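User: Could you walk me through this one? I'd like to start with the overall layout and then look at some details.

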Amino acid sequence: MPRKSKKLSNIAYEQLRAMITEMPAGQYLSARSYAKDLGMSYTPVREAFLLLQNEGVLRQVPNVGFFVASLDLADILQIFQVRECIEVYALEKVFCRLRPEHLQQMRTAWESQQEAFRQENHYRMMTADSDFHRVPLEVLGNTLLLNQYDSVRSRYMLCTARLAAMAPDLGTEGNRKILELIEAGNKETATAALAAHIAEMRQNITDSYVSRSF
């Protein structure tokens with residue numbers, strides 16, 4: 001893929017993903033209309049649509065087009081199972097390899113999450129939260145796990161954005177505690193806090209999902 005095309009597709013991807021988090025499940029999306037709105041050619045926008053389809057965020061119906069994917073309770077629980085497996089594993093494996101620059105990355109992400117929380121910018125909160133938990137995976141360097149994490153995170157954004165009004169914190173205090181334990185060098189308590197944080201978020205999102213269903 002030419003470098004310029006890849007850059008344009010990344011721009012289209014980020015903007016489209018932010019839009020999708022505010023859309024209801026099942027909403028129809030036209031790649032050509034979206035390309036026109038962005039002032040881009042069809043090709044990079046089509047690439048962005050296909051990437052989001054691969055991540056499970058969009059669903060394509062042949063000869064019809066793309067639709068925002070739906071998430072049911074089983075999907076949400078599976079997402080959190082994957083998060084627990086990947087994130088706790090990565091932190092355990094790389095704990096002793098985390099350097100001050102890695103901790104600063106996590107702190108910067110947490111501070112961005114806090115600022116977004118004050119501004120009630122749910123998409124930015126989720127992006128910062130993803131950046132925070134991504135650092136140990138980047139240090140681990142397992143491309144397959146990192147790709148799986150990114151894919152799961154994209155689907156996670158669908159449910160958290162739609163339920164943010166019912167679960168507004170979205171884990172900012174949990175991330176602060178995890179970071180402080182990592183900075184203190186407490187491996188066992190830090191990994192336990194991460195597992196507990198994911199479990200708490202799973203419960204919050206599940207409760208919000210059930211409440212919204214009635």
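Analyst: From the N terminus on, the order of elements is α-β-α-α-β-β-α-α-α-α-α-α, and the chain has 9 helices and 3 strands, where helices (H or I, at least four residues) and strands (E, at least two) are DSSP runs numbered from the N terminus. This is a predicted model, in which local features need pLDDT of at least 70 and side-chain atom pairs count only at pLDDT 80 or more, while totals for chains, interfaces and linings use all residues. Residues are numbered from 1 along each chain as its sequence is written, and side-chain values use heavy atoms, with hydrogens and water left out.

User: What share of the chain counts as buried?

Analyst: Of the 214 residues of the chain, 45% count as buried; buried means under 20% relative accessible area, exposed over 50%, and partly exposed in between, with a 1.4 Å probe and protein chains only.

User: How do H5 and H6 pack, at what angle and distance?

Analyst: The axes of H5 (residues 100-119) and H6 come within 7 Å and cross at roughly 170°, the axes being lines fitted to C-alpha atoms, for helices over the stretch in contact, with angles running from 0 to 180 degrees between N-to-C directions. H5 and H6 are therefore roughly antiparallel to each other, given that angles over 145 degrees count as roughly antiparallel, under 35 as roughly parallel, 65 to 115 as roughly perpendicular and the rest as oblique. The contact includes His102, Met106, Trp110 and Phe117 of H5 along with Met125, Phe132, Val135 and Val139 of H6, contact meaning heavy atoms within 4.5 Å. By class, the contact of H5 with H6 has 10 nonpolar, 5 polar and 5 charged residues; Ala, Val, Leu, Ile, Met, Phe, Trp, Tyr, Cys and Pro count as nonpolar, Asp, Glu, Lys and Arg as charged, and the others, Gly among them, as polar.

User: And H6 with H8, what angle there?

Analyst: H6 (residues 122-140) and H8 (residues 172-183) pack at an angle of about 20°, with their axes 11 Å apart, which makes H6 roughly parallel to H8. On the H6 side, Met125, Asp129, Phe132 and His133 meet Thr172, Asn175, Ile178 and Leu179 of H8, and the residues of this contact divide into 4 nonpolar, 3 polar and 1 charged.

User: There's a proline in H6. Is Pro136 buried or exposed?

Analyst: Pro136, which lies in helix H6, is buried, with a relative accessible area of 6%. Not counting residues up to four places away in sequence, Pro136 touches Ala90, Leu91 and Val94.

User: Switching topic, which loop holds Asn63, and what is its phi?

Analyst: Asn63 is in the loop between strand S2 (58-61) and strand S3 (65-68), and has a positive phi of about 65° although it is not a glycine. Most residues other than glycine have a negative phi. At 86% relative accessibility, Asn63 counts as exposed.

User: What about Glu120?

Analyst: Glu120 also has a positive phi, about 55°, without being a glycine; Glu120 sits in the loop between H5 and H6 and is exposed, with a relative accessible area of 63%.

User: Last one: how many disulfides are there?

Analyst: A search of the whole structure finds 0 disulfides, a disulfide being a pair of cysteine sulfur atoms within 2.5 Å. As for individual cysteines, Cys85 is exposed at a relative accessible area of 57%, and Cys96 counts as exposed at 64%.
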